[in-house]
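Please look through the structure shown here before reading on.

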Amino acid sequence: MTTLPIYRWRLAPDGLATRRQLRAAGLRPGGQDVVAQLERPRRRRGPLTAYLYLVERAKPVRPMTDRRAAALAKANAARRTCPACGRDAGYVIPASLGCCVPCSER
């Protein structure tokens with residue numbers, strides 16, 4: 001088992017990027033393996049860790065199709081629908097409540 005090189009926060013070499021950085025550039029890892037690790041130290045807790053990918057091997061983000069957009073809209077609507085009263089709450093139902101706020105107060 002090989003260990004990944006670990007870089008400190010803001011000290012990663014050029015040509016490596018996190019998933020979020022790739023996404024901001026309109027790219028995705030595209031199935032490539034993680035090549036390095038980034039660590040940001042924190043006080044009193046373990047460091048935050050992010051995985052780094054090669055930018056040159058990244059692929060463009062797949063375009064949003066009509067069917068994918070419809071599926072995403074349907075999933076988001078299901079997250080807003082209260083299971084108790086069946087109404088669209090207008091916000092994502094919190095998992096801690098399990099239903100909309102008016103139904104949870106009853």
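Ala 36 has Leu 52 in E5 as its bridge partner. Helices (H or I, at least four residues) and strands (E, at least two) are DSSP runs numbered from the N terminus, and two strands count as paired if DSSP finds at least two bridges between them. The model is predicted: local features need pLDDT of at least 70, side-chain atom pairs count only at pLDDT 80 or more, and totals for chains, interfaces and linings use all residues. Residues are numbered from 1 along each chain as its sequence is written, and side-chain values use heavy atoms, with hydrogens and water left out.

Strand E4 (residues 36-42) and strand E5 (residues 45-54) run antiparallel and are joined by six bridges. Within this pair, Gln 37 stands opposite Tyr 51 in E5. E4 and E5 form a hairpin with two residues between them. Arg 44 sits in the loop between E4 and E5, and its phi is near 65 degrees, a positive value in a residue other than glycine. Is Arg 44 buried or exposed? Arg 44 is exposed, because its relative accessible area is 85%, where buried means under 20%, exposed over 50% and partly exposed in between (1.4 Å probe, protein chains only).

An open sheet of four strands has the order E1-E4-E5-E2, and its pairing is mixed. Strand E1 (6-8) and strand E2 (16-17) stand at the edges with a single partner strand each, so one side of each has no neighbour in the sheet. Strands of a sheet pair through backbone hydrogen bonds, in either a parallel or an antiparallel way.

Both kinds of pairing can be followed here. E1 and E4 run parallel and are joined by three bridges; in this pair, Arg 8 stands opposite Glu 39 in E4. E2 and E5 run antiparallel, with two bridges between them, and the bridge partner of Ala 17 in E5 is Tyr 53.

Ile 6 is placed in strand E1. With a relative accessible area of 51%, Ile 6 counts as exposed. Ile 6 and Tyr 51 are 45 residues apart in sequence, while their C-alpha atoms are 9.4 Å apart in space.

Arg 10 lies in the loop between E1 and E2. Arg 10 is not a glycine, yet it has a positive phi of about 70 degrees. Its relative accessible area of 72% makes Arg 10 exposed.

The pocket is lined by 13 residues, of which Arg 10, Ala 12, Thr 18, Gln 21 and Leu 38 are the closest to its centre. E2 and E5 each supply at least two residues of this lining. A pocket is an open set of points on a 1 Å grid over the protein atoms alone, where a 1.4 Å probe fits, with protein on both sides within 12 Å along at least five of seven lines; lining residues have an atom within 4 Å of a point.

What does a search of the whole structure find in the way of salt bridges? The search finds one salt bridge, where the term means a side-chain nitrogen of Lys or Arg within 4 Å of a carboxyl oxygen of Asp or Glu. The side chains of Arg 80 and Asp 88 meet in this salt bridge, at 3.4 Å from N to O. Arg 80 is partly exposed at a relative accessible area of 26%, and Asp 88 is partly exposed at 49%.

Gly 90 lies in the loop between H2 and H3. Gly 90 is exposed, with a relative accessible area of 62%. The C-alpha atoms of Gly 90 and Ala 17 are separated by 36 Å, and the two residues are 73 residues apart along the chain.

Tyr 91 lies in the loop between helix H2 (66-80) and helix H3 (101-105). Tyr 91 counts as partly exposed because its relative accessibility is 31%.
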